[in-house]
Amino acid sequence: MRTIEDIQEEYEFLEGDERYRLLIELGRELDEMPDALKTDATLVRGCSASVWVYPTEQAGQLHFLADSNAAITKGIVALVISAVQDKPATDIANMDITGALSPFDLKNQLSSNRTQGIPNMIALVKEHAGRIASGTAETG
């Protein structure tokens, strides 16, 4: 997965439909999320499309699996995940993910029904990271 900095660099040179294509491409680059992990517990509430996020812990770092049933939304999920992928849980729990996404100006680039779930995605990622950082969760 690309870093959020690499994505931002490319995003800044694009306009309109090209930005949509980049988001769709990012969604395709996500690791495959097994259907068995697409449960009520991993479902992000408040999204216009179905979105699932599942954290795994590898060598003290969190690796997120995520998916959506809508291509643009899946790209947005990939963008959120790119900010936190393979970082220590404590770093993610304390990170300003919204700030990391601000250069993308998603609220003005996408329709409100596509962006309404972003705060909930961020909250779920931070909640998982906080729980794992405090040692109260077991993940695969």
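**Pocket**

I started with the term: on a 1 Å grid over the protein atoms alone, a pocket is an open set of points where a 1.4 Å probe fits, with protein on both sides within 12 Å along at least five of seven lines, and its lining residues have an atom within 4 Å of a point. Points are joined across faces, edges and corners, and a volume is the space filled by probe spheres set on them. I looked up the largest pocket and got a volume of about 210 Å³.

Before going on I noted that this is a predicted model, in which local features need pLDDT of at least 70 and side-chain atom pairs count only at pLDDT 80 or more, while totals for chains, interfaces and linings use all residues. Residues are numbered from 1 along each chain as its sequence is written, and side-chain values use heavy atoms, with hydrogens and water left out.

Which residues line the largest pocket? I listed T98, L101, S102, D105, L106, K107, T115, I118, P119 and I122. The elements giving two or more residues to this lining are α5 (97-101), α6 (106-109) and α8 (118-133); helices here are DSSP runs of H or I with at least four residues, strands are runs of E with at least two, and both are numbered from the N terminus. The most comes from α8, with 3 residues. By class I have 5 nonpolar, 3 polar and 2 charged residues in the lining, where Ala, Val, Leu, Ile, Met, Phe, Trp, Tyr, Cys and Pro count as nonpolar, Asp, Glu, Lys and Arg as charged, and the others, Gly among them, as polar.

**Confidence**

pLDDT is the predictor's confidence in each residue, from 0 to 100. The protein averages 89, and 95% of the residues score at least 70. I marked helix α7 (residues 112-115) as the lowest, at a mean of 70, and strand β3 (residues 87-88) as the highest, at 96.

**Positive phi**

Most residues other than glycine have a negative phi. D105 is in the loop between α5 and α6 and is partly exposed, at a relative accessible area of 35%; buried means under 20%, exposed over 50%, partly exposed in between (1.4 Å probe, protein chains only).

D86 also has a positive phi, about 60°, without being a glycine. I found D86 in the loop between α3 and β3, partly exposed at 36% relative accessible area.

**Around D86**

Q85 is in the loop between α3 and β3. Is Q85 buried or exposed? Q85 counts as buried because its relative accessible area is 12%. Not counting residues up to four places away in sequence, Q85 touches M1, L62, H63 and F64 (contact means heavy atoms within 4.5 Å).

K87 belongs to strand β3 and is partly exposed, at 30%. Leaving aside neighbours within four places in sequence, K87 contacts Q61, L62, I92 and M95. I also noted that K87 and A59 are 28 residues apart in sequence and 10 Å apart C-alpha to C-alpha.

S82 sits in helix α3 (residues 71-84). S82 is buried, with a relative accessible area of 5%. With neighbours within four places in sequence left aside, S82 is in contact with M1, R2, I4 and I7.

**Core**

A nonpolar core is a set of buried Ala, Val, Leu, Ile, Met, Phe, Trp, Tyr and Cys residues joined through side-chain atoms within 4.5 Å. I found 39 residues in the largest one, with V53, L79, I97 and M121 having the most contacts inside it. The elements giving two or more residues to this core include α1 (4-12), α2 (16-28), β1 (51-58) and β2 (61-68). The most comes from α3, with 9 residues. Outside the four places on either side in sequence, M121 contacts V44, C47, V51, I76, V77 and V80.

**Strand β2**

I ended on L65, in strand β2 and buried at 12% relative accessible area. Not counting residues up to four places away in sequence, L65 touches, among others, D31, E32, M33, P34, W52 and V53.
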